[in-house]
Amino acid sequence: MFKSIMPLSLIISFRFLGLFIVLPVISIYALNLPGSTPALVGIVIGGYAITQMIFQVPFGMMSDKLGRKGTIITGLLLFAIGSVICAMSDNILTLLLGRL
């Protein structure tokens, strides 16, 4: 049981660390991007929670059909793509796309 729980726990922990480590500075960074408004910055900050809320049920059904590992890998790939988009963003809309 330890062999199956520990890797999964580490993956989820690193994902949340990478996600929440940017929260203290993302608002300051986003406000300095071209085209940013306080409303867009708020959506950027809350965008991850919004998409998690929307896709939680479909990913749960996908987990029932494909299995836990396939769903986790798919989610991590989407997270990695979003992170790359955020890292390469040069305006608020690209940052918003990466966060969503």
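In this predicted model, helix α4 supplies the largest share of the lining of the largest pocket, namely 12 residues. That pocket holds about 1,100 Å³ of space, and 34 residues line it. The protein itself contains five helices and zero strands, with 20% of its 100 residues counted as buried.

**Largest pocket**

- Nearest the centre of the largest pocket lie Arg15, Leu19, Tyr48, Gly75 and Phe79, which belong to the lining of 34 residues.
- Two or more lining residues come from each of α1 (2-20), α2 (23-31), α3 (38-66), α4 (68-88) and α5 (92-99).
- By residue class, the lining of the largest pocket comprises 20 nonpolar, 11 polar and three charged residues.

**Overall fold and surface**

- Along the sequence, the arrangement of elements reads α-α-α-α-α.
- Taken along the principal axes, a box of roughly 50 × 25 × 20 Å is filled by the C-alpha atoms of the protein.
- Where residues at least 6 apart in sequence are in contact, 63% of those contacts join residues at least 24 apart.

**Largest nonpolar core**

- In soluble globular proteins, nonpolar side chains tend to be buried together.
- The largest nonpolar core of this model consists of nine residues: Ile26, Ala30, Leu33, Val41, Val44, Cys86, Ile92, Leu95 and Leu96.
- At least two residues of this core are supplied by each of α2, α3 and α5.
- Helix α5 makes the largest contribution to this core, with three residues.
- Alanine 30, one of the core residues, is in contact with Ser36, Val41, Ile92 and Leu95 when its neighbours within four places in sequence are left aside.
- Of these contact partners of alanine 30, Val41, Ile92 and Leu95 are themselves members of the largest nonpolar core.

**Threonine 71**

- Threonine 71 is located in helix α4, the helix that provides 12 residues of the pocket lining.
- Threonine 71 counts as buried because its relative accessibility is 9%, and the cut-off for burial is under 20%.
- Apart from residues up to four places away in sequence, threonine 71 touches Phe59, Met62 and Ser63.

Technical notes: Residues numbered from 1 in each chain as written. Predicted model: local features only at pLDDT ≥ 70, side-chain atom pairs only at ≥ 80, totals over all residues. Heavy atoms only, no water. 1 Å grid on protein atoms, 1.4 Å probe; cavity = no way out; pocket = protein on both sides within 12 Å on 5 of 7 lines; lining within 4 Å. Points joined across faces, edges and corners; volume = space filled by probe spheres on them. Helix = DSSP H or I, 4+ residues; strand = E, 2+ residues; numbered from the N terminus. Nonpolar A, V, L, I, M, F, W, Y, C, P; charged D, E, K, R; others polar. Core = buried A, V, L, I, M, F, W, Y, C linked by side-chain atoms within 4.5 Å. Buried < 20%, exposed > 50% of the residue type's maximum accessible area, 1.4 Å probe, protein only. Contact = heavy atoms within 4.5 Å.
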